Structures are given as structure tokens and as C-alpha cells.
Amino acid sequence: MRVVIAEDLALLRDGLTRLLEAFDFEVVAAVDNGPALLPALIEYRPDVAVVDVRLPPTFTDEGLQAAIAARTEVPGLPILVLSQHVEPLYARELLTDRKGGVGYLLKDRVANVGQFVDAVRRVAGGGTAMDPEVVSQLLARSEPLAVLTGREREVLGQMAEGRSNAAIAAKLFITEKAISKHINNIFTKLDLPPSEDDNRRVLAVLTYLNS
Amino acid sequence: MAETDVRAIRWAQEGLRALRDGLAVVGLSLVNVPLLVLTVVALVLSPLPVAGPAALHGVTALVRRRTDLQRRLAARAGVPIRRPYRPMPPRGLTGWARFRWIVTDPATWRDVAWLVPGTVTGIVLGLLSLALPLYGLQGLTLLPLWLYLGTDWYGYGVFWPIETVGEGWLSAPQGVVFLAVGLAVAPWLRWVDAQFARLFLAPTRAAELRLRVTRLTETRADTVDAQAAELRRIERDLHDGAQARLVSLGMTIGLAEELVERDPAAARKLLAEARESSTTALVELRHLVRGIHPPVLAERGLDGAVRALALSLPVPTTVDSDVSGRAETPVESAAYFAVAEALTNVARHSGARRAWVSLRHAEQTLVLTVGDDGAGNADPEGGTGLRGIERRLAAFDGTMTLSSPPGGPTVVTMELPCVLSSPKTSPSSGTD
């Protein structure tokens, strides 16, 4: 699986490269600034890009902007954004094209190597990986999701983080069948038309982020 | 012996300078009357559409140039007089608004009111200060003697008329006395003249307050800017430093965890790396804390903190301090960082072989001096460092002056008004 990394601090850039290579990813490019990121993404068309939000020269949200720009050039280009703090606002901006293949995680999550690599793979496969921190911030205020029951909201939150039905079942201590039922209810209540399951999940998450 | 010589030379120099200033004042005073006439003419013409206000503006500018000269002379005589004028709005003024800006400023009228009395005191005191030494010179050159020999009727000092050649010769020692008295009195006459000018040309209480408000507005804006920049720097340092280290630490430990079964040797190497990373993170945090408020400053005050700073510099630096009490924490911090910034400049730009710091507290003012024997030619506009010091100090009504001729030495003098609390009893005194 081919990866492009964008991270300005050499320490973390090398660490990420080493980590991903240890799990058989091929790091085709590792850039350290915003302006170099977009050309790299368009040139290499990686299976997934791991991007730091804040990059030189402005040290604002260059990485995020480059990622969004890249996804207009290459629709659905999988991007996993890393940051030292998470803002639901940024997550929403990433998902505005209503396509999957988007992740937004705290940098802290890389310490859990197994889960981090899973998240990278999931994003590469078109899924989502929202940080629990984003999810919990949104759970704190979700009036537009009032149509959902508490349990359904919980399931939706787990979906946003990118968990599979089986994983959600294990986490919430209920059967997978019950989870399927909850998810179907969510789709119906949020008025999501039947389509490929993955895309519906993304749309559900999007509704959730826009709540 | 040498010290008395130096004192005598300085005394004579001071007298001569006062004489020169006295002469200048006499000359300048002659300009006052034409200026007054011009002002009256301009006022009469001021109702004219365009030319009127323009003429008044021009004449006022001339009058202010004249009074500014007087203020400078007064400052030389030891009586600093501040400019009392209302500041011109930043975008400038034209026509009617400029006219109003001039005529509504009381300082304009106080200047005009000074013109005539200023002429009188200027000429009287100026001539007085010149007359005595000139009379002394006359006696010294034995001019009275020659006049006596020529005309039979002439006198000098106590002998009037001179009746013998002996009395004629005595005009020389008398001349010395007159010259000496003249030189001694001249600075004092300058001082009296300056005090008189101050009555008219210094800001009134209201103007003083207005000037202060202007200054406070400026320094407050500077302080807010400086604080915002400081917070941003701290955020950046944390983001790129300790936070990033901790992320990397987590990543390394995580990877080691994955490898511990498959490749124990590699895992061990990663763990060693992680330990090193944690040490570096701590070092970076410590540096950051020092940049916010150095622990040694909290513990030992300005004196101790500057000594500690001097030890850590690449340039050998001596510290000489008579500051034993503690200032208010914010003032102390500003003083410390001002000195630190100046020393950083020394280490970075001066190429100096040694530097020195002196900390003095007298008359409720902290005077901090940082000097080096480097290349000099420091430019306050060149970098952010010196401007930063100025801003930092301005927040507490402090000032910075820089002397840095090409070839050095560079001396930065910083003054900060502050009161010191009584010094803490040192542990060695045994009373604690």
C-alpha cells in the first residue's frame, strides 16, 4: 500500500515512516511543508495520505487545506489528517464532499500502533476514522439527532470512529444482530437512501458531524 | 592632585559652554520680535479662504522651531522642558481642521505669550553673563593700563581713576577675579533663564496629562502586541517541542510493544530511544519554563538571576550589582528579560570578547547597563531585539538608550522606575 506523509517535524516524520514501513506500507513521499504536499499527492496518487494539519510556511491549517484541495483534484483520495488537537469543524470540512476515505485523529493515537495502522488501512479502504475526542465533543451537543435513541446515538458515534459492526458489538456488549438493527434504524431515521453500505455509513457520520 | 585638575577643567568648560549658550540666546532673542509680528499678521490674515490658515500654520511651525531651540538650551542648563503640543492626528490635517488644531491648543498661545518676555530675559541675562568675563579679559590684557597711559583718565575695578602705574598693573589680578566670577555665575544665569522659559514653554498640568494619556495608549498597544506574540511563541514551542516529543515517545514505545515478541533486540533499542526522547522532552520543557519565568528569578531575584544568566553565556561576562531588594514581580521580570535580550544580542551579533552588566538602584529607579567590547554599530531599527527591549520596558514607563559607535564599545542603558522591597535576610546572616 503506497503512502504519502506530510509532517514538518523530522522526529515525527521519520517515526511515522518507520512505523508504517514496519507494517509493510510503502512510503512513496514524505514532505515537510504545505506547498509541496498538493503536487506530491497529485503526482503519486497514493492509496492513502497521512497529513499533519499544521505545516510551514504559515503554521496554520496548511495541511488540511492541501488535503481538501487534493480531494477536489482527485475525488475520494483517502486522507488521514493528524493533529495535536482536534476540532469537529475541521472534521466537517474534510467530509463536505460526502465521500469516504477520510480520517481525523489526534497524534496521540499513533502510540497505539495496532489501532493506528488499522485506521490508516480503513481510510485507505474508503472508510472513516474519526477521533473519539471529536466524537465525544459532538455527543455533548446533538439536538438535531434527537430523533435517535441514546443507544442509536452511541452506535453512530462508534461508526464515526470507524468501527465495524462486530467491533461496535464487542464494545457495547450487545449482539451484532442488535447492532445491525440499530444501524438500520439510524439509516431510516436520518433518511439515508439504500445504497452501498459503506457510503451510507459515511453519510450517517456526515449527518452526525453536521449536527 | 590630578582630580582637582580634572575638576578645574570641567568647571571652566561648563562656564565656557554657558557663555556660548548665553551668546546664542542673545542672538536668538532678536528673532522673537519679528516672529511676534509675523504671528499677528498671520492672525489678521487668517479669515482669508486658503492662504490664511496656511500662513498661520507656517508661522506657528516657525515659532515652535524657535521655542524648541529654547527648550534644548534649557535642557543643557539642567532644566528639561517637555514639548507641550497636542499630537497631530496620524492621518494629518488640512485646511480648517489644521487651523483648529493650532488655535485650540493652549500651548500655541503660551508660546506667543513668551516671545516678548523671553526676549527681555534672554538679552538681559545673556549680556550679563557675557559682560563679567569680558570685563575680566579687559583687565587681564592690561588694556586699562594702556588707556591710562594714553588718556590720563581711566579706571578699572576698585581703582577709579587709575592714578599710578602700580594700580594699572593691579588690573590683571582683578581681571582674573572678574573672569573667574563670570565663569562661575554664567551657568547659574543660564539656569535662571531656563526656569523663566519653563514658566511659559513647559506643558500645563492638563497638557501634561494629555501627553501622558497619548503615551500610555501607545505603550498599552505595544504591551498587548508583545504579550500576544509571547503567547504564540509559547504555543509554538510546546507544539513543536514537548508535545511532539511525547507523541514520538508514544510511537516508539508502541512500536517496541509490537516488536517485543518477534525481535527483542530491536524492541530494546527502541525502548532506549524512548527513554532518551523522554529526557529531551523534559529538557525542552525546562527551557520553555525558563523562557516564561526563570525559576532562579523567582528564587533569587534580579541579582541572582542575572548572575546565573551571565554564567551560561558563551561570552565571559562580569556582573556588578547593588540591587539587594526585590522589585514587583512583573517589573523584575521585565528587567530580567531586557537584560537577557541585551546579552543575547552581545553573544549573537557583537563578536565581543567580554561583556559586563551593572545593576544599580537609586532614587526609585533601576538602572541596568549592559556593555561589551565588540564591533559596535548596533542598530535599534535593524532587529527585533532592541525594539523588543524598548517595548518591554515602556510598559513600566522604562526607557532604553543605546550607544554603539562603529568599532564599539556598545552600551545599552535601561532605566526602570520601581520601588524595591527590603532585601530578604540572607541565610548566612543567621538571623533567619
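## Terms and basis

Helices (H or I, at least four residues) and strands (E, at least two) are DSSP runs, numbered from the N terminus. The model is predicted, and for that reason local features need pLDDT of at least 70 and side-chain atom pairs count only at pLDDT 80 or more, while totals for chains, interfaces and linings use all residues. Residues are numbered from 1 along each chain as its sequence is written, and chains are lettered from A and ligands numbered from 1 in the order in which they are written.

## The two chains

Chain A has 10 helices and six strands, and 46% of its 211 residues count as buried; a residue is buried if 20 or more other C-beta atoms, placed from the backbone, lie within 10 Å of its own, exposed if 12 or fewer, and partly exposed in between. In chain A, 62% of the contacts with a separation of 6 or more join residues 24 or more positions apart, a contact being a pair of residues whose C-beta atoms, placed from the backbone, lie within 7 Å.

Chain B comes to 12 helices and five strands, and buried residues make up 30% of its 432 residues. Of the contacts in chain B between residues at least 6 apart in sequence, 71% join residues at least 24 apart.

## Where the chains meet

Between the chains, 14 residues of chain A are in contact with 14 residues of chain B. On the side of chain A that touches chain B, α1 (10-22) and α5 (113-124) of chain A each supply at least two residues, and α1(A) gives the most, with five residues. The residues on this side of chain A comprise eight nonpolar, four polar and two charged, where Ala, Val, Leu, Ile, Met, Phe, Trp, Tyr, Cys and Pro count as nonpolar, Asp, Glu, Lys and Arg as charged, and the others, Gly among them, as polar.

## A β-α-β unit in chain A

Strand β1 (residues 2-6) of chain A pairs with strand β2 (residues 26-31) of chain A in the parallel sense over five bridges, pairing being assigned if DSSP finds at least two bridges between two strands. Within this pair, Val4(A) stands opposite Ala29(A) in β2(A). Together with α1(A), the strands β1(A) and β2(A) make a right-handed β-α-β unit; a crossover is right-handed if, with the strands pointing away from the viewer, the path from the first strand over the helix to the second runs clockwise.

## Helix α9 of chain A

Helix α9 (residues 176-189) of chain A has 14 residues, which at 1.5 Å a residue should span 20 Å, and its end C-alpha atoms are 20 Å apart, in agreement with that value; the expected span is 1.5 Å times one less than the number of residues. In α9(A), Ile179(A), His182(A), Ile183(A) and Ile186(A) are buried. These residues cover an arc of only 100° around the axis, which puts them on the same side of α9(A), the arc being that of the directions from the helix axis to the C-beta atoms. On the other side of α9(A), Lys177(A), Asn184(A) and Thr188(A) are exposed, and the helix is followed by Asp191(A), whose phi is positive, near 65°.

## Loops and backbone geometry

Val53(A) is placed in the loop between β3 (48-52) and α3 (62-73) of chain A, and it counts as buried because 22 C-beta neighbours lie inside 10 Å. Leaving aside neighbours within four places in sequence, Val53(A) is in contact with Asp61(A), Gly63(A), Leu64(A), Val81(A), Ser83(A) and Tyr90(A). Pro57(A) lies in the loop between β3 and α3 of chain A, and a cis peptide bond with omega of about 5° joins Pro56(A) and Pro57(A).

Most residues other than glycine have a negative phi, and most peptide bonds are trans. Arg45(A), in the loop between α2 (34-44) and β3 of chain A, is not a glycine and yet has a positive phi of about 40°. In chain B, Asp397(B) has a positive phi near 65° and lies in the loop between α12 (384-394) and β4 (399-403) of chain B; Asp397(B) is partly exposed, with 15 other C-beta atoms within 10 Å.

## A buried helix position in chain B

Ala194(B) is located in helix α7 (residues 171-201) of chain B and counts as buried, with 24 C-beta neighbours inside 10 Å. Not counting residues up to four places away in sequence, Ala194(B) touches Ala74(B), Ala77(B) and Val79(B). The C-alpha atoms of Ala194(B) and Gly78(B) are separated by 8.3 Å, although these residues are 116 residues apart along the chain.

Key. Contact = placed C-beta atoms within 7 Å.
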